[in-house]
Amino acid sequence: MEAINEVHVSEPGLVVVDVAAADDETAFAFHTALAARWAATSVERTTRDAGQPGVRLRCYLDLRQPLDVSGQAPAAPR
């Protein structure tokens with residue numbers, strides 16, 4: 001996996017999540033659970049490390065932007 005860039009964690013509330021899972025389905029299910037709760041980058045594929053079991057996935061979360069039950073960021077106050 002690529003190195004974590006300083007901009008990815010430049011402010012409190014920004015998180016880099018590296019997932020190791022047995023298979024693609026498990027990794028994507030975990031990402032879906034994270035994305036249902038917080039603003040998260042989309043992911044399209046997992047990676048495999050030669051000689052290592054399972055798959056890996058990286059995503060970025062912004063914990064400063066919690067989502068409501070519909071999966072949308074709350075409306076800004078007027």
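Okay, let's start with D49, which counts as partly exposed at 29% relative accessibility, where partly exposed means the range between buried, under 20% relative accessible area, and exposed, over 50%, with a 1.4 Å probe and protein chains only. D49 forms a salt bridge with R56, and the closest N and O atoms are 2.9 Å apart. By salt bridge I mean a side-chain nitrogen of Lys or Arg within 4 Å of a carboxyl oxygen of Asp or Glu.

Quick housekeeping. This is a predicted model, so local features need pLDDT of at least 70 and side-chain atom pairs count only at pLDDT 80 or more, while totals for chains, interfaces and linings use all residues. Residues are numbered from 1 along each chain as its sequence is written, and side-chain values use heavy atoms, with hydrogens and water left out.

Now the overall layout. Helices here are DSSP runs of H or I with at least four residues, strands are runs of E with at least two, and both are numbered from the N terminus. Of the 78 residues in the chain, 23% are buried. The exposed surface comes to about 5700 Å², with 53% of it supplied by carbon and sulfur atoms; those areas are Shrake-Rupley values with a 1.4 Å probe, and for residues only the protein chains shown count as cover.

Contacts next, meaning heavy atoms within 4.5 Å. Take the contacts between residues at least 6 apart in sequence: 58% of them join residues at least 24 apart.

So what makes up the largest nonpolar core? It has 10 residues: V17, V19, A21, A27, L34, V43, V55, L57, C59 and L61. At least two residues each come from β1 (14–21), α1 (24–37) and β3 (55–66), and β3 gives the largest share, four residues. As for V19, if you skip neighbours within four places in sequence, V19 touches A27, F30, V55, R56 and L57.

Back to charges. Side chains of opposite charge can pair when their charged atoms come close. How many salt bridges turn up in the whole structure? Four. One of them joins the side chains of D18 and R58, at 2.6 Å from N to O. That pair links distant parts of the chain, with D18 in strand β1 and R58 in strand β3, 40 residues apart. D18 is partly exposed at 41%, whereas R58 is buried at 16%.

Then there's R64, over in strand β3. E11, D62 and R64 are linked in a network of salt bridges. The R64 and E11 side chains meet at 2.4 Å, N to O. R64 lies in β3 and E11 in the segment before β1, so this pair ties together parts that are 53 residues apart in sequence. R64 also makes a side-chain polar contact with the side chain of D62, at 2.8 Å; a polar contact is a pair of N or O atoms within 3.5 Å, where within protein one must be able to donate a hydrogen and the other to accept it, and residues adjacent in sequence count only if both atoms are side-chain atoms. Both R64, at 44%, and E11, at 41%, are partly exposed.

How values were computed. A nonpolar core is a set of buried Ala, Val, Leu, Ile, Met, Phe, Trp, Tyr and Cys residues joined through side-chain atoms within 4.5 Å.
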